[in-house]
Amino acid sequence: MKPSIILLSAITTALGAGASKARRQNCPGIHIFGARETTAPPGFGSASTVVNLIQQANDGATSESIVYPAAGGNVYGASVAAGVVAVANQTNVFNQMCPESRIIMVGYSQGAQIVDDAFCGGPDGFSLNTTQASVSSGVSQMVTAIILMGNPRHVDGLPFNVGNATAGGFAARPVGFQCPAFEDIIQAYCDAADPFCAKGNSTATHQGYGREYGQAALEFVQGKLESSSRTISNGTNIVVTSEVPRSGLNGKYLWTLLALSGLVLL
């Protein structure tokens with residue numbers, strides 16, 4: 001191989017490494033994903049209470065909502081299926097751009113269901129026909145806490161359950177279900193009066209988890225963040241940048257290399 005080609009290859013590699021380093025330097029230390037409940041308008045919905053608490057407690061933390069239909073009625077199952085795919089895709093895209101950032105998941109009602117399914121697998125009716133997690137291995141390594149509120153997949157007896165519900169939700173997991181890969185970082189809130197995660201008749205209970213358990217959820221998340229031994233980068237409010245840094249190879253050095261390789265006529 002010609003020396004000029006070798007040098008050009010080295011320059012390209014160095015510039016690419018510099019760009020990757022810049023992206024990581026501009027990544028947040030903590031990124032929060034929130035998934036809203038059925039029929040809530042795009043955004044965080046009722047998950048916003050906990051999302052905001054976590055973001056306010058951690059300087060430089062960023063957040064984004066899961067983009068999915070959150071539809072009810074006859075298309076509920078299709079909405080869940082789309083939501084599981086959205087959780088997997090959005091978390092993976094973020095993790096590829098910011099592989100050292102820790103990830104927090106917050107799901108409310110149907111939003112909790114899609115987060116649950118994405119991380120713990122199915123089956124879940126016709127919405128999900130695999131027992132495997134949908135999230136990538138990179139996401140699995142960097143997720144630090146998962147908060148589920150009013151989850152229709154609730155079933156009694158799980159180690160991460162919080163609340164007084166003993167009945168299962170309308171899309172309850174089977175008895176004996178386990179999620180061993182993530183059960184130590186999950187907190188799932190459900191009270192008996194909730195008609196969606198249990199068999200109650202109080203929609204106010206279903207909508208009130210942020211108020212009732214928001215501080216407890218925050219304390220759980222903060223505990224997991226503090227106990228995590230993962231190295232994180234300094235947080236900013238910028239997740240990604242397309243700017244190529246100049247620090248990897250300064251202009252004078254670059255032109256010198258090109259000249260030596262015969263690619264520039266002096």
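User: How are H3 and H4 oriented to each other?

Analyst: In this predicted model, local features need pLDDT of at least 70 and side-chain atom pairs count only at pLDDT 80 or more, while totals for chains, interfaces and linings use all residues. Residues are numbered from 1 along each chain as its sequence is written, and side-chain values use heavy atoms, with hydrogens and water left out. H3 and H4 pack at an angle of about 55 degrees, where axes are lines fitted to C-alpha atoms, for helices over the stretch in contact, and angles run from 0 to 180 degrees between N-to-C directions. Angles under 35 degrees count as roughly parallel, over 145 as roughly antiparallel, 65 to 115 as roughly perpendicular and the rest as oblique; H3 and H4 are therefore oblique.

User: Which residues of H4 make the contact with H3?

Analyst: Contact means heavy atoms within 4.5 Å. On the side of H3, the contact is made by Tyr76, Ser79, Val80, Gly83, Val84 and Val87. On the side of H4, the residues are Gln110, Gln113, Ile114, Val115, Asp117, Ala118 and Phe119.

User: How many disulfides does a search of the whole structure find?

Analyst: A disulfide is a pair of cysteine sulfur atoms within 2.5 Å. Cysteine 27 and cysteine 98 form one, with their sulfur atoms 1.9 Å apart; another joins cysteine 190 to cysteine 197, at 2.0 Å from S to S. The search of the whole structure finds three.

User: How many residues apart in sequence are the parts tied together by cysteine 120 and cysteine 179?

Analyst: Cysteine 120 and cysteine 179 form a disulfide with their sulfur atoms 2.1 Å apart. Helices (H or I, at least four residues) and strands (E, at least two) are DSSP runs, numbered from the N terminus. Because cysteine 120 lies in helix H4 (residues 110–120) and cysteine 179 in the loop between strand S5 (161–162) and strand S6 (186–189), the pair ties together parts whose separation in sequence is 59 residues.

User: Is cysteine 98 buried or exposed?

Analyst: Buried means under 20% relative accessible area, exposed over 50%, and partly exposed in between (1.4 Å probe, protein chains only). Cysteine 98 has 1% relative accessibility, so cysteine 98 counts as buried.

User: What is the handedness of the link of cysteine 190 and cysteine 197?

Analyst: Cysteine 197 is buried, with a relative accessible area of 0%. The torsion about the S-S bond that links cysteine 190 and cysteine 197 is 95 degrees. The link is right-handed.
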